[in-house]
Amino acid sequence: MKLERLAVGGLLAALLALGGCATTGEARNPRDPWEPFNRHAYNFNEGLDRVLLKPAATWYRDKVPPLMRTGVANFFGNVGDAWSAVNNLLQWRLPEFEESLARFQLNTMFGVFGIFDVASEFNIERHKEDFGQTLGRWGVPAGPFVMLPFLGPSTLRDTMALPVERRYDLIGLIENTGVRDFTYVLNAVDRRSNLLRVGNVLEEAALDKYSFTRDAYLQRRRAQIFDREDNREAPPPGLPDESLEEPAEAAPARPPASAPAR
C-alpha cells in the first residue's frame, strides 16, 4: 500500500499548497488551481526519471531482446485485461466486458499467462478501462489536475480511485514480497521504455513541458471516458458533460430586426 500513501500524501500537500495560494489573489487555471505544487512535483518526477527510470528503460530497450520485451508487455497487458473486464461490466458495456474477459481467458490458458497474445490472433479487441474511467462514465467530475510525486499526472477523481486500483490489482496478490516488488519495477521500466521516443519528441517540441503534459493528459482522459473514437463522446443520458475547455464568452444579443416599412 505504499503507492496509496504516496498518492494521498501528494494530494494533502496539494491541498496545503492551494490554501497557501488562496491568499495571493492570483488568477488560476480552473483546471489546475494547484499549479505551484504540481510544478514542483513535476520537477521532482523529472529528476527521478532522469537519474533512474530513463537510464533503466534505455538499458532495458537496448539489452533485452525484442521478443522477450514483447512477452513482458503482453503479460502486463493480460493482467490489465482482467481489471478492464471488471470495469467494463461496472459501466454496463457488455460487449466490451465479454471481449475483455475472453482475452484474459484465452491468453491466460493458451498464451502462457499472457506472454503470447493469442486473443489478438482471433481479432478480439482490447478495451482498456480503469476505475477512474468508471467513475467518470457515471458522472463523477474529474476535479482539479494533480501531479502526484512518483506516480505522475492525475486528477482528483483518478487519485481517489487509486486505492481501489491497487486493492484489486492481480500483481498485488503475489504473496512473495520480493517477486511482487520486482514485478512492479519491471512493469514501470517496460512502460517507460515504450515512451522513450515520445519523451524525446517532447523534449524537442514543448516550450513548457509541464503545461503540455497536463493538457495532453486531461484530453486523453476525457477521450478515454467518453470514447470519442466510437462516436460516443457524450456521457450517458442524464449525466453531466465535463468539458475541459474554458466556457466561451457569450456573444452579445442582437436587437430584433425592425419590421419592414409598409
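Visitor: What makes up the accessible surface of the protein, and how much does it come to?
Guide: The accessible surface comes to about 16400 Å², and 63% of that belongs to carbon and sulfur atoms. Such areas come from the Shrake-Rupley method with a 1.4 Å probe. This is a predicted model, in which local features need pLDDT of at least 70, side-chain atom pairs count only at pLDDT 80 or more, and totals for chains, interfaces and linings use all residues. Residues are numbered from 1 along each chain as its sequence is written, and side-chain values use heavy atoms, with hydrogens and water left out.

Visitor: What percentage of the residues is buried?
Guide: Of the 262 residues, 37% are buried, meaning under 20% relative accessible area.

Visitor: How many helices and strands does the protein have?
Guide: There are 10 helices and 2 strands.

Visitor: Why is helix H3 called roughly perpendicular to helix H8?
Guide: H3 (residues 66–90) and H8 (residues 177–193) pack at an angle of about 110°, their axes 10 Å apart. Angles of 65 to 115 degrees count as roughly perpendicular, so H3 is roughly perpendicular to H8.

Visitor: Which residues make the contact?
Guide: Arg69, Val72, Ala73 and Phe76 of H3 meet Thr183, Leu186, Asn187 and Asp190 of H8, where contact means heavy atoms within 4.5 Å.

Visitor: What share of contacts in the protein between residues at least 6 apart in sequence joins residues at least 24 apart?
Guide: That share is 67%.

How values were computed:
Axes fitted to C-alpha atoms, helices over the stretch in contact; angles between N-to-C directions. Helix = DSSP H or I, 4+ residues; strand = E, 2+ residues; numbered from the N terminus. Parallel < 35°, antiparallel > 145°, perpendicular 65-115°, else oblique. Buried < 20%, exposed > 50% of the residue type's maximum accessible area, 1.4 Å probe, protein only.
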